[in-house]
Amino acid sequence: MSSSTSTPSASSDCFDQFDTPTLDAQSSTLLHSISQHGGYAFVRMASLAAAGDFRAAEAAREMAWEQLHSGPWHSVLPVWRDAYSMACLHVAKLHFAAGEFKDALRILDMGLIMGGTLLRKDLDSAVDKVSATARSDVRVSELRGPVGSSISDRQLVHEELEQAEMLRILPQKSLSCKMVVKRSSLSLEGFLREYFLTGSPVIITDCMAHWPARTKWNDMNYLKRIAGDRTVPVEVGKNYLCSKWKQELITFSQFLERIEASDSSSVSPTYLAQHPLFDQINELRKDICVPDYCFTGGGELRSLNAWFGPAGTVTPLHHDPHHNILAQVVGKKYIRLYPASFSEELHPYSETMLSNSSQVDLDNIDKGEFPRVLDLEFLDCILEEGEMLYIPPKWWHYVRSLTRSLSVSFWWNVSEGSTVS
Ligand SMILES: O=C(O)CCC(=O)C(=O)O
């Protein structure tokens, strides 16, 4: 069975169940709190689900899903996010028992992406168990690429872009002003003194060679094997400021297929953007290392995000409140930076949700509305594979991928009592 609403078929194989120690310990407290928030029907269905009733498990998941979509995301009560995780664990257990590993993984990922924090450990360990069991069950041929594909044509990035072609697609004046400084062997002290304290961007050229990701992630077969059946959120459309932009949940394999397809078509790119992929897929997390620079200021790492897509993805001009190291693992990107002091000249949107984004579309500047934008000085660069760009807090940045590209951003804050800021 593959439909999520039909009952899992009894399997002749007998699969171990996965353990859910937190759910077992917290279940009655959680159900009590859900009923206090009016979720009596959920509680009834969840109790039947725990006893093995698949239809009840799916019904409970539907109910929690409706609660997650009953208003703006920030106003969803945490208890309903935990209820959603609970329902996902129940549904996934029943799929797993029936040997339906892909369905089990899909539901566990939904729990990881949309659920609360309470049952996160159970979801993570269930994913490990289901993935390991699924792998031992999969025929070796399925782990390879399509028949006839050679190693090289399964490389994520193999194309080179002509300089003239590149300049044609980049925003006006690109690569004609000041470039971001590139430094090799930059000491932590040098980073602190020359860039962090002065709030200046810098490219650090030689500190990612030891990351397993540098070799592994250019191999589509590897990515498919590690993450192919996992569900991930992606963005579809020119960029998040455009009306036709939307978000979807698809499997990583489907995403890789879209990347390959987008080379030969002009459809809107699909971008896995600003997603905490490494909290979700532990095996990919092992392929990267947090740069020591991210501990400058004694603060905390706030988030680690993946940015993965075909050539032509654009993140429009915006700024973030954190220190950021954007590490280019595979492929290359064009990046333009304007200092924080240019905020007024870059015309941020007035709506709170978009107030960190500029109304200026650098790919198509409306010179009538923004006549002075082209006179503003900026820094820009091509961020090459194996390089990291430090973007200080509040610096405006525009990013365009020039090839298929996989980058990781590390955002961090300085500690409250720190004397550096
Ligand atoms: O790589 C991108 O497309 C955007 C990266 C970005 O905006 C960030 O790291 O804050």
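In this predicted model, Q274 has 17 C-beta neighbours inside 10 Å and therefore counts as partly exposed. The residue is placed in strand β6, which covers residues 270-275. S185 belongs to the loop between β2 (182-183) and α9 (188-196). Because S185 has 9 C-beta neighbours inside 10 Å, this residue counts as exposed. Such values deserve mention because most residues other than glycine have a negative phi.

Strand β6 is part of an open sheet of nine strands, arranged in the order β2-β3-β12-β9-β14-β7-β6-β4-β5 with mixed pairing. The edges of this sheet are formed by β2 and β5 (246-251), each of which pairs on one side only. Strand β6 runs antiparallel to strand β7 (residues 301-309), and two bridges join them. Within this pairing, H275 has A306 of β7 as its bridge partner.

A further open sheet, also of mixed pairing, is built from five strands in the order β1-β11-β10-β13-β8. Its edge positions are taken by β1 (178-179) and β8; each has a single partner strand, so one side of each is left without a neighbour in the sheet. Strands of a sheet pair through backbone hydrogen bonds, either parallel or antiparallel. The pairing of β13 can be followed on both of its sides. Strand β10 (residues 333-338) and β13 run antiparallel and are joined by six bridges. In β13, W396 stands opposite Y338, and H397 stands opposite L337. Strand β8 (residues 314-318) pairs with strand β13 (residues 396-401), likewise in the antiparallel sense, over three bridges. Here R400 of β13 faces V314, while V399 of β13 faces T315.

Strand β8 is mostly covered, with five of its five residues buried. For β13, six of the six residues are buried, so this strand is largely enclosed by the rest of the structure. In a regular strand the side chains alternate between the two faces of the sheet. In β13, W396, Y398 and R400 point one way, whereas H397, V399 and S401 point the other way, and all are buried.

The residues around the ligand are W307, T315, D320, N324, L326, H397, V399, S407 and S409. At least two residues of the shell are supplied by each of β9 (323-330), β13 and β14 (405-412). Grouped by class, the shell consists of three nonpolar, five polar and one charged residues.

At the level of the whole chain, the domain assignment gives domain 1 (21-137) and domain 2 (163-412). The centres of the two domains, taken over C-alpha atoms, are separated by 33 Å. Eight residues of domain 1 are in contact with six residues of domain 2. On the side of domain 1 that touches domain 2, the largest share, seven residues, comes from helix α5 (residues 101-114). By class, this side of domain 1 has four nonpolar, no polar and four charged residues.

The expected span of a helix is 1.5 Å times one less than its number of residues. At 1.5 Å a residue, the 20 residues of α4 should therefore span 28 Å, and the end C-alpha atoms are 29 Å apart, which agrees. Helix α4 is also mostly covered, with 18 of its 20 residues buried. After α4 comes G99, whose phi is positive, near 80°.

Methods: Residues are numbered from 1 along each chain as its sequence is written. This is a predicted model: local features need pLDDT of at least 70, side-chain atom pairs count only at pLDDT 80 or more; totals for chains, interfaces and linings use all residues. A residue is buried if 20 or more other C-beta atoms lie within 10 Å of its own, exposed if 12 or fewer, and partly exposed in between; C-beta atoms are placed from the backbone. Helices (H or I, at least four residues) and strands (E, at least two) are DSSP runs, numbered from the N terminus. Two strands pair if DSSP finds at least two bridges between them. A residue is near a molecule or strand if its C-beta atom, placed from the backbone, lies within 6 Å of it. Ala, Val, Leu, Ile, Met, Phe, Trp, Tyr, Cys and Pro count as nonpolar, Asp, Glu, Lys and Arg as charged, and the others, Gly among them, as polar. Domain bounds come from an automatic or database domain assignment. Two residues are in contact if their C-beta atoms, placed from the backbone, lie within 7 Å.
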